[in-house]
Amino acid sequence: MLRFLIRRVLQGIFVLWMISVAVFALFFIAPSDVARRLAGRQATPESIAAVTHRLGLDRPKYEQYGSFVWRALHGDLGYDYYHGVTVTSIIKEALPKTLSLVLGAAVLWLFFGIFNGVISAVKTRSIADRALTVFSLVFYSMPSFLIGLLLLYFAYYKLTLSGRAWFPPGGYVPLTQDPAHWAQSLILPWISLALLQAAAYTRLTRSSLLEVMGEDYIRTARSKGISERRVVVRHGLRAALTPVITQFGIDLGALVGGVLIVETVFSIDGLGRESLIAFNAQDLPVIAGIVLLGAAAVTVANILVDMLYAVLDPRIRLS
Amino acid sequence: MSQITGQMEALEPDPIDVVVSKTIEGRSPWQLSMARLRRDPMAIITLVVIFLIILIALCAPLIAKFTGHPPNMQYRTTGLTPEGLPRPPGGEFWFGTDNLGRDVLVRIAYGARISLVVSLVSTVLTVTLGVAVGIAAGYYGGIIDSVLSRMVDFVLSFPFILFVLALVAISGPSLVLLVIVIALFNWTYVARVVRGQTLSLRQREFVEAALSLGASDRRIMFYDLLPNVLAPVIALTSLLIPLFVVLEATLSFLGLGVPAPTATWGGMLSDSVVTYRQAWWFVVFPGAALLITTLAFNLLGDSVRDAFDPRADRL
């Protein structure tokens, strides 16, 4: 277990290092016009050079990269080019919004995905199974921005028009300020992000549980005379969840994209929107900070997921 | 029947004859799969729908000619209300107009072209790259194999969208970039499956027989291994196409796909955000086109997978 952990952490650090190099390389290959933009309309070559020098962009590339890594290791991600705000403060501001969005959506999709999948698998070929299969196929084929737009039109605009202003069109209310409004403002974004995933997990859980229920040890469990509910939940579902957890690990990486889209549709100033703004402004310190944070989160989550295997399925030994 | 066969060949980049393995009935796995597919009513229905979508994409210029509205023409007077809002569906504009007074119907037809071209070309690239690397890694093993496995790990943990953002910020959005980026970030799925299959196939007697006859590595990979990994690859391919349709739409929605004013479904939906309160048709019609396409490909993918790879998990 310890050896496994050390190996995975080392691998994760290697991946993070590769990503930091890739982000830097990409930006220095590009013809950067940050200094020209900052120097304003009436910029002379001298003032552009002065700005370039102030930002440290005239230093050798390896030196810029080296000082970035050195400072990052001390928890300092530098300043944004345009407003002189520290990158860590931008992240601190945006992170709670993105975390609220992601965690809420993940809870929703795991719960509904696994619950619906179990119903589908236990009552195969019933009306409920068929309805859930059609439901999950439709939402599996629907990109999250389309779900978001449709929700905005029907659940916000149409309902509000008819005098039932249940859902705001977006924005964010901090959890600490008002938990009820926090949930109310996030419910549509949560659904947009979770529906597609819930659909995928329904299908995955269904097929995985169906396969497990055909195993010999399920027959053994049944022949011991324990209740069917216990057979399904304790013996079946436990093993059936392994592929679901694998998929969850992969999806966490893909979630970065989903967050970007949902934050755009519902105007939430989270990390996704901040990175979109930073990209358009070629604001390298902000981009590097957010990309590295995202990659680190995905890496850590994947290690946790691998450790979860061993808990869920005693047949798996980590080595 | 010939239509189905045509479709299947289109899904599969290398039209190499499948080695017929002797079974009691004398039918190859390929023939069995095709027979299973032909018996599946859902496969036939979705194939008809996909055929119609392809037809609409091919006939886009004809639709433009018929309505008299080129895809990027802005009808400021007839296409917009006096307040400058999109016109609802009606006599002149069947599906209404967008916020610049362009014909939504014509733009949906042109958007189908982008959607299909991007998803199909990316799929061919992805599968070719994935199969080539997967077979090589599985067959040679050793260093090639461990390098591949590390690359797969790397790509899987890379925040894809952020990378695309960075690339687009540098070189500007374009169709070619879109296709390359999609292929670059998805070949690893194919490579992993093919590598796994190749690893077990390599131990089989027919590979040993080919080796002892003096066959070259290349011949073994092409004539002995490739036909045997095709079934899972076809099953995987059929699910990559709808995934790429969604990916194209998503990237275009974010302004990272094919640049405006080219009509794309994702781009149209992105424009519709501004006027969704006044113009439901501008959200619903492109959204329906996108949904029907991905749904049809997903359903076909399920049928193809059931036919070619009956034991595979449904995702």
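Colleague: Why are α11(B) and α12(B) called oblique to each other?

Modeller: Helix α12 of chain B covers residues 265–275, and α11(B) packs against α12(B) at an angle of about 40°, with the axes 7 Å apart. Axes here are lines fitted to C-alpha atoms, for helices over the stretch in contact, and angles run from 0 to 180 degrees between N-to-C directions. Angles under 35 degrees count as roughly parallel, over 145 as roughly antiparallel, 65 to 115 as roughly perpendicular and the rest as oblique. The pair α11(B) and α12(B) is therefore oblique. Helices themselves are DSSP runs (H or I, at least four residues), as are strands (E, at least two), numbered from the N terminus.

Before we go on: this is a predicted model, in which local features need pLDDT of at least 70 and side-chain atom pairs count only at pLDDT 80 or more, while totals for chains, interfaces and linings use all residues. Residues are numbered from 1 along each chain as its sequence is written, and chains are lettered from A and ligands numbered from 1 in the order in which they are written.

Colleague: What is the handedness of the crossing of α11(B) and α12(B), and which residues make the contact?

Modeller: The crossing of α11(B) and α12(B) is right-handed; the term is used if the near helix is turned clockwise from the far one by less than a right angle, and left-handed if anticlockwise. Among the residues that make the contact are Leu251(B) and Phe253(B) of α11(B), and Trp265(B) and Leu269(B) of α12(B). Contact is a matter of C-beta atoms, placed from the backbone, lying within 7 Å. By class, this contact has five nonpolar, five polar and one charged residues. Nonpolar stands for Ala, Val, Leu, Ile, Met, Phe, Trp, Tyr, Cys and Pro, charged for Asp, Glu, Lys and Arg, and polar for the others, Gly among them.

Colleague: What makes α3(B) and α5(B) roughly perpendicular?

Modeller: Helix α3 (residues 41–58) and helix α5 (residues 104–140) of chain B cross at roughly 115°, and their axes come within 7 Å. That angle is why α3(B) and α5(B) are described as roughly perpendicular to each other. Their crossing is left-handed. In α3(B), Ile53(B), Ile54(B), Ile56(B) and Ala57(B) meet Ala109(B), Ala112(B), Arg113(B) and Leu116(B) of α5(B). Seven nonpolar, no polar and one charged residues take part in the contact of α3(B) with α5(B).

Colleague: How do you know whether Val246(B) is buried or exposed?

Modeller: By counting other C-beta atoms within 10 Å of its own: 20 or more is buried, 12 or fewer is exposed, and in between is partly exposed, with C-beta atoms placed from the backbone. Val246(B) has 26 such neighbours, so Val246(B) counts as buried. The residue lies in helix α11 (residues 217–253) of chain B. Leaving aside neighbours within four places in sequence, Val246(B) is in contact with Pro143(A) and Thr294(B).

Colleague: And why is Gln31(B) called partly exposed?

Modeller: Gln31(B) has 14 C-beta neighbours inside 10 Å, so Gln31(B) counts as partly exposed. Its place is in helix α2 (residues 29–38) of chain B. Gln31(B) and Phe308(B) are 277 residues apart in sequence, yet 9.9 Å apart in space, C-alpha to C-alpha.

Colleague: Why is helix α9 of chain A called hardly covered?

Modeller: The count of buried residues among the eight residues of α9(A), residues 216–223, is zero. After α9(A) comes Gly225(A), with a positive phi near 90°.

Colleague: What makes up the largest nonpolar core, and which residues touch the most other members?

Modeller: A nonpolar core is a set of buried Ala, Val, Leu, Ile, Met, Phe, Trp, Tyr and Cys residues joined through C-beta atoms within 7 Å. The largest one has 158 residues, of which Ile287(A), Leu165(B), Val190(B) and Val233(B) touch the most other members. Its largest share, 22 residues, comes from α11(B).

Colleague: How many residues does each chain give to the contact between A and B?

Modeller: Chain A gives 43 residues and chain B gives 37 residues. The side of chain A that touches chain B divides into 31 nonpolar, 11 polar and one charged.

Conventions:
Contact = placed C-beta atoms within 7 Å.
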